[in-house]
Amino acid sequence: MSGTRPIAQLPQHIGAQVRVAGWVTHVRSSGKVRFLALRDGSGDLQVVARAPDAPDSLLAQMASLTQETSVVVAGLVRGDPRSPGGVELAATEVTVVGSSDGYPIAPKEHGVDFLMDHRHLWVRSSRQTAALRLRARIVHALRAFLDDHGFVLTDPPILTPAAAEGTSTLFGVDYFGEPAFLSQSGQLYMEATAMALGRVYSFGPTFRAEKSKTRRHLTEFWMVEPEMAFCEFEENLAWQERLVAYVVADVLAHRRAELVALGRDTTALERVEVPFPRIAYDEAVERLAAAGFAVAWGDDFGSPEETALAGMFDRPVFVHRFPARQKAFYMQPDPARPEVALAADLLAPEGYGEIVGGSQRIHDVELLTARLVEHGLDPDAYSWYLDLRRYGSVPHSGFGLGLERLVAWIGGLEHVRETIPFPRTLNRVWP
Ligand code: 4AD
Ligand code: MG
């Protein structure tokens, strides 16, 4: 509101008369004193009114305010080392903007389903605002790194004619009578724009009709997908670790208060420095077998296996050169060992699982066509994608970083549903 000050700026206005607009989180009365906790999105503020300085009418009005009432408070900013931000506001006048009766989320324990049904209100709580602020900073850091390193943002379509990541998780759409699908990944389009601009990335929502009900799976999630022309496998890994290490350092520098609010042990994040360890899939199988897992070469790792592997390292670890037959159609086989793909997953520590998946792409048109057929896909549906291999094809690589999993790991959040304002999961498309 015009003429009001954000709470975060009040330390610069000690001694001044100001107006602050926000929501009441709670009111506390003790004798002739009223304390009002106010939140405006920029910060938290303690508002006080004390007799005899404050008139009885103001004390009575403040005592009657209910949780989430929106107000404008006029008052004097005073230094107070015990208060959030080091200031408090001595109120002279409170104006109610919008009343709030029977706010459903009381400061007590609620079940997850109740909170998810009230997600539109739950986002106001201090833990959720810390998580959303963390997410926003992580997005900023991801984009800043890529923008500063010559990657051009190119936005892929959301409505797509064919699968990018397997046909079992497609959301279908009726596109004026033609079948279309919500994008599972912008990658194939990034390969096209990389041939135009060299280094590119996309950042946007992607969709998977995942039947998995885990703490890491959403049906709608955001992915950052860099793609680099003339880039081979090792260089791709180097970009991934630099990006992740940069984001972690940025968050430690700029969102420490939010990490603390979330109860994150930051010492684990402080160890995140390049280079990250790299282990071949073969070695991963050996390590898992030695740890008592019943895995054989060729098996896909589930989340217990990923957690065990990640637990063997103190920072994110790359697992590379997976059996080609368990991976996507577009992945370049290792020339030295064609049964493995030049692909890597980056596993986060502490059980957060795969945060990045990347690979070198097949750049030979014949091999790519054969792979499409092997995967039961119709090469005609990918004719434009095959064109990229017909006209000046080059070795190229890229990766997809799952934003919600990255936020969950960095924030130490138990479940990805707290990393996105309105999560979409197997059982939920509300509110
Ligand atoms: O490993 P994925 O499936 O890779 C791709 O989609 C490639 N086309 C990316 C590329 O090379 N451009 O997904 C990439 C990342 C995963 O590592 C994970 O972090 C995240 O996306 N992800 C999910 N996050 C939340 N919910 C889901 N259902 C996810 N599926 C993948
Ligand atoms: Mg993957």
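Q: At what distance from the ring centre does R389 lie over the face of Y385?
A: This is a predicted model in which local features need pLDDT of at least 70, side-chain atom pairs count only at pLDDT 80 or more and totals for chains, interfaces and linings use all residues, while side-chain values use heavy atoms, with hydrogens and water left out. Residues are numbered from 1 along each chain as its sequence is written, with chains lettered from A and ligands numbered from 1 in the order in which they are written. A charge sits over a ring if NZ of Lys or CZ of Arg is within 6 Å of the ring centre and within 35 degrees of the ring normal. R389 lies over the face of Y385, and its distance from the ring centre is 4.2 Å.

Q: Over the ring of which residue does the charged end of R215 sit?
A: The charged end of R215 is placed 5.5 Å from the centre of a ring.

Q: Which kind of pair do the rings of F145 and Y246 make?
A: Rings of Phe, Tyr and Trp (its six-membered ring) pair if their centres lie within 6.5 Å, with planes under 30 degrees apart counted as stacked, over 60 as edge-to-face and the rest as tilted. By this rule there are 15 aromatic pairs. For F145 and Y246 the centres are 5.4 Å apart and the planes stand at 50 degrees, so the pair is tilted.

Q: How many residues apart in sequence are the parts that F145 and Y246 tie together?
A: Helices (H or I, at least four residues) and strands (E, at least two) are DSSP runs, numbered from the N terminus. Because F145 lies in helix 4 (residues 126–148) and Y246 in helix 6 (residues 233–254), the pair ties together parts whose separation in residues is 101.

Q: Is F145 buried or exposed?
A: Buried means under 20% relative accessible area and exposed over 50%, with partly exposed in between (1.4 Å probe, protein chains only). Y246 has a relative accessible area of 31% and is therefore partly exposed. F145, at 3% relative accessibility, counts as buried.

Q: Which kind of pair do the rings of Y189 and W384 make?
A: Y189 lies in helix 5 (residues 187–197) and W384 in helix 12 (residues 383–387), so this pair ties together parts that are 195 residues apart in sequence. The ring centres are 4.7 Å apart and the planes are at 20 degrees, so the pair is stacked.

Q: What distance separates the C-alpha atoms of L269 and W409?
A: L269, in helix 8 (residues 267–270), counts as buried at 1% relative accessibility. Leaving out residues up to four places away in sequence, L269 touches V248, L252, L259, R264, W409 and I410, where contact means heavy atoms within 4.5 Å. L269 and W409 are 140 residues apart along the chain, yet the separation of their C-alpha atoms is 9.4 Å.

Q: Near what value is omega for the peptide bond from A51 to P52?
A: Most residues other than glycine have a negative phi, and most peptide bonds are trans. P52 is found in the loop between strand 3 (44–50) and helix 1 (56–63). The bond from A51 to P52 is cis, with omega near 5 degrees.
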